[in-house]
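How do the helices cross, and what lines the space left between them?

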Amino acid sequence: MPSKISSDHFTSALKNPDILYWIGSVGFFTLGSRALAVVIGFQIYKITHSALCLGWLGLVEAIPALSLVLIGGYVADHFNRRKILLITRASSCICALALAALSSQSYAHTLLGLYSVIFAAGIARGFADPANTAFEAQVVPKSMTVNASSWIGSVWVGASIIGPAIIGFVFASFGAYGSYLLITGFFILSWFSTLAIGPKPQVMPQQKEPFLKSVSMGWGFVMGHQPLWGAMALDLIAVLFGGVIALLPIYASDILRVGPQGLGLLNAATSVGALGSMLYATKHPPIARAGRNLLLTVAGFGLSILVFGFSKNFLLSLAALALSGVFDGISMVIRRSMVRLLSPDDMRGRISAVSWVFICSSNELGAFESGMVAAWLGTIPCVAVGGVVTLAVVGLTACIAPQLRKLRFDPQTMERIYLP
């Protein structure tokens, strides 16, 4: 069970002005990016009516993001992370404006253009993701790691609720063009929030190793620490096979028949559950028995996806997605804290890059996998198989990664507890 901390610590992270600016940066960017995912998915499905095209959408973003994220990790450790984020946030603004411009044209001529802009957004993401994780460690003092992670995660999830929920109604009223303009506004607010954070001291590598050796050090560190690679691999497989976000346009249009408004609510349901669990974690951090809690939450996620896969009732589907979000929210707090607490300062960018390789693979390649399998087996069997695979992987991980299973931290000192 999550361990308790004193109520004095409940809002401690919120008393730090830079953490508040960082929360604003994360929140506004998440509003934009999650809303964009809903709009681009529904728009492409409206054009093509193809599950395979939804799968290609994930792959188009994954190719540049995965190809560049290790380079991005190297850059994040050797250059100013704040400046990297300002540049990539500005790139997101430009991409959103480009999508708006394309959406003002005839649908018949925009599909290739939409994919091209998402590819460009993937390039920016390859540099933004490692810098984002590493810069957060500069903004947040170590003593506030779990509390701040819970608040940041809660805002991220809250924005993930609001963004998809409102954008479905905006899309229904103003179309893709108006939706992308609103998304651009969110990205601009995120850029200014990042700018408001003052420059932070950054520990640079003492020696300038050759590029390939420097990148390999990040992989070597992760693979040499069973709790890190075990947690990353567990999340990779769970989301790769158990994720259903890419298929929600099909559920909204053809299975549940709830239209774009219902699609926004389906996207938001997962985040509603995650928000509740993350707010709970601000006062009761699940870090004391981190490994056991991580395995249990991923198993719960798999069971929730099984229920959603077979449901043809809109309310039951919303409930199943919300429950999957509860489990995913706890898992996110644990994994976010683990990467922070187990990483040395001068390697955070490279270790974060390795983490983002797993995350990008699970999210974007998972979307491609979902589209391919759904086109082959059908949508409902695809989701059911994913839930079963997730449960099987939890059992396998518990057996082959005992250090992860036994991983514990002291909630007060944030130091790892070693058990015999």
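A cavity here is a set of grid points where a 1.4 Å probe fits but cannot get out. The model is predicted, and a search of the whole structure finds three cavities of 30 Å³ or more.

**Second largest cavity**

- The second largest cavity holds about 50 Å³ of space.
- Its lining consists of Asp235, Ala238, Val239, Thr297, Val298, Phe301, Phe327, Asp328 and Ser331.
- At least two lining residues come from each of H7, helix H10 (290–310) and H11.
- By class, the lining of this cavity has five nonpolar, two polar and two charged residues.

**H7 and H11**

- On the H7 side the contact is made by Pro227, Leu228, Ala231, Met232 and Asp235, and on the H11 side by Arg335, Met338 and Val339.
- This contact of H7 with H11 comprises six nonpolar and two charged residues, with no polar ones.
- Asp235 is listed in the H7 contact with H11 and also in the lining of the second largest cavity.

**H5 and H11**

- The crossing of H5 with H11 is right-handed.
- From H5, Thr145, Val146, Ser149, Ser150, Ile152, Gly153 and Trp156 take part in the contact, where they meet Met332, Val333, Arg336, Ser337, Arg340 and Leu341 of H11.
- The classes in the contact of H5 with H11 are six nonpolar, five polar and two charged.

**H2 and H6**

- Helix H2 (residues 51–78) and helix H6 (residues 211–223) have axes that come within 10 Å and cross at roughly 100 degrees.
- Since angles of 65 to 115 degrees count as roughly perpendicular, H2 and H6 are therefore roughly perpendicular to each other.
- H2 contributes Leu70, Ile71, Tyr74 and His78, which meet Phe211, Ser214, Val215 and Trp219 of H6.
- Six nonpolar and two polar residues make up the contact of H2 with H6, and no charged residue is among them.

Note on methods
Residues are numbered from 1 along each chain as its sequence is written. This is a predicted model: local features need pLDDT of at least 70, side-chain atom pairs count only at pLDDT 80 or more; totals for chains, interfaces and linings use all residues. Side-chain values use heavy atoms; hydrogens and water are left out. Contact means heavy atoms within 4.5 Å. Helices (H or I, at least four residues) and strands (E, at least two) are DSSP runs, numbered from the N terminus. Ala, Val, Leu, Ile, Met, Phe, Trp, Tyr, Cys and Pro count as nonpolar, Asp, Glu, Lys and Arg as charged, and the others, Gly among them, as polar. On a 1 Å grid over the protein atoms alone, a cavity is a set of points where a 1.4 Å probe fits but cannot get out, and a pocket is an open set with protein on both sides within 12 Å along at least five of seven lines; lining residues have an atom within 4 Å of a point. Grid points are joined across faces, edges and corners, and a volume is the space filled by probe spheres set on the points. Axes are lines fitted to C-alpha atoms, for helices over the stretch in contact, and angles run from 0 to 180 degrees between N-to-C directions. Angles under 35 degrees count as roughly parallel, over 145 as roughly antiparallel, 65 to 115 as roughly perpendicular and the rest as oblique. A crossing is left-handed if the near helix is turned anticlockwise from the far one by less than a right angle, and right-handed if clockwise.
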